Amino acid sequence: MMEEKGKENGIAAMAACYQKFDPAAYLQYNYTPPRADFARKDSIVPWKLACLHRAFTEGDVSGELLVDIGSGPTFYQVMSGCEVFNKLILTDFLEINRRELRRWLQDEGGCSLDWTPYLEHVCKLEGRRSSAWPEKANRLRQVVSDILPVDVHCSQPVAPDSLPSTGADCLVSCFCLESVSPDLPAFTRALGHIGKLLHPGGHLMLIGALGESYYFGGPGVRIPVVPLNEAQVCESLRETGYTLIRLEVYTLPQDMRVGVDDVTGVFFVKAKKD
């Protein structure tokens with residue numbers, strides 16, 4: 001009983017940290033140069049986009065429904081997947097992030113980041129001209145069917161009946177689980193919880209931080225993170241019923257360490273649910 005209470009308190013403390021999360025500041029910190037410099041091969045964002053493009057276009061990922069777990073205020077993680085799946089559900093714990101997503105999807109203006117360079121870059125990865133970006137933007141807006149609240153610490157992370165009973169064909173989750181979990185066991189449990197949304201044989205694309213103990217979610221908003229290494233990520237996947245297809249690792253060059261976190265690397269995982 002005491003252990004259960006401890007788990008709950010740790011998770012409640014994490015939720016409290018996020019009440020001051022500032023989407024505009026977070027985007028500024030992580031999704032502008034140098035971390036999003038499309039002229040540089042060693043910039044974080046182009047590396048992530050290349051991993052996702054490859055993972056979605058190898059021919060083994062297909063189906064009808066893609067679900068993004070913990071979208072935050074970002075879209076980059078579904079810009080390749082939206083070409084493969086006809087239905088896409090975005091999710092986030094915070095209404096402020098869901099609002100940011102809706103703003104772009106409804107083309108209302110007033111968005112905190114211009115996603116055009118991202119769309120252009122992914123078009124180029126797909127062998128199209130960068131000028132095709134409006135088509136990709138339209139495609140993305142067309143396939144998003146819903147933006148749902150999610151809580152990865154619940155054994156049922158999204159509301160019942162919000163997904164088909166057969167489950168999703170593919171999940172994407174980027175920088176979510178390690179950033180909302182108080183410790184490694186909670187991270188592993190969350191990985192198991194989201195796996196319940198995926199049908200057997202479905203794919204998981206997971207991107208996360210390595211060696212990170214905190215990041216800033218806004219000015220002075222310091223959010224603790226579970227510092228992970230590659231072996232822990234692989235073990236957590238194995239424990240929760242996934243078979244690893246590929247693990248790729250990016251190490252941050254010194255000038256990418258811009259003081260908004262203490263991350264040392266990023267992992268990309270492509271896995272399959274057993």
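I started with the contacts of Thr32 (contact: heavy atoms within 4.5 Å). Leaving aside neighbours within four places in sequence, Thr32 is in contact with Leu27 and Leu113. I am reading a predicted model, where local features need pLDDT of at least 70, side-chain atom pairs count only at pLDDT 80 or more, and totals for chains, interfaces and linings use all residues. Residues are numbered from 1 along each chain as its sequence is written, and side-chain values use heavy atoms, with hydrogens and water left out.

I placed Thr32 in the loop between α2 (23–30) and α3 (helices are DSSP runs of H or I, at least four residues, numbered from the N terminus). Is Thr32 buried or exposed? Thr32 counts as buried because its relative accessibility is 14% (buried: under 20% relative accessible area; exposed: over 50%; partly exposed in between; 1.4 Å probe, protein chains only). Its side chain reaches the backbone oxygen of Gln28 at 2.7 Å.

Next, I looked up the core. The largest nonpolar core has 87 residues, and Trp115 and Tyr118 touch the most other members (a core: buried Ala, Val, Leu, Ile, Met, Phe, Trp, Tyr and Cys residues joined through side-chain atoms within 4.5 Å). Helix α3 (residues 44–56) gives the most to this core, eight residues. Beyond its neighbours within four places in sequence, Tyr118 is in contact with residues including Tyr31, Phe38, Leu49 and Leu113.

Notes. Helices (H or I, at least four residues) and strands (E, at least two) are DSSP runs, numbered from the N terminus. A polar contact is a pair of N or O atoms within 3.5 Å; within protein, one must be able to donate a hydrogen and the other to accept it, and residues adjacent in sequence count only if both atoms are side-chain atoms.
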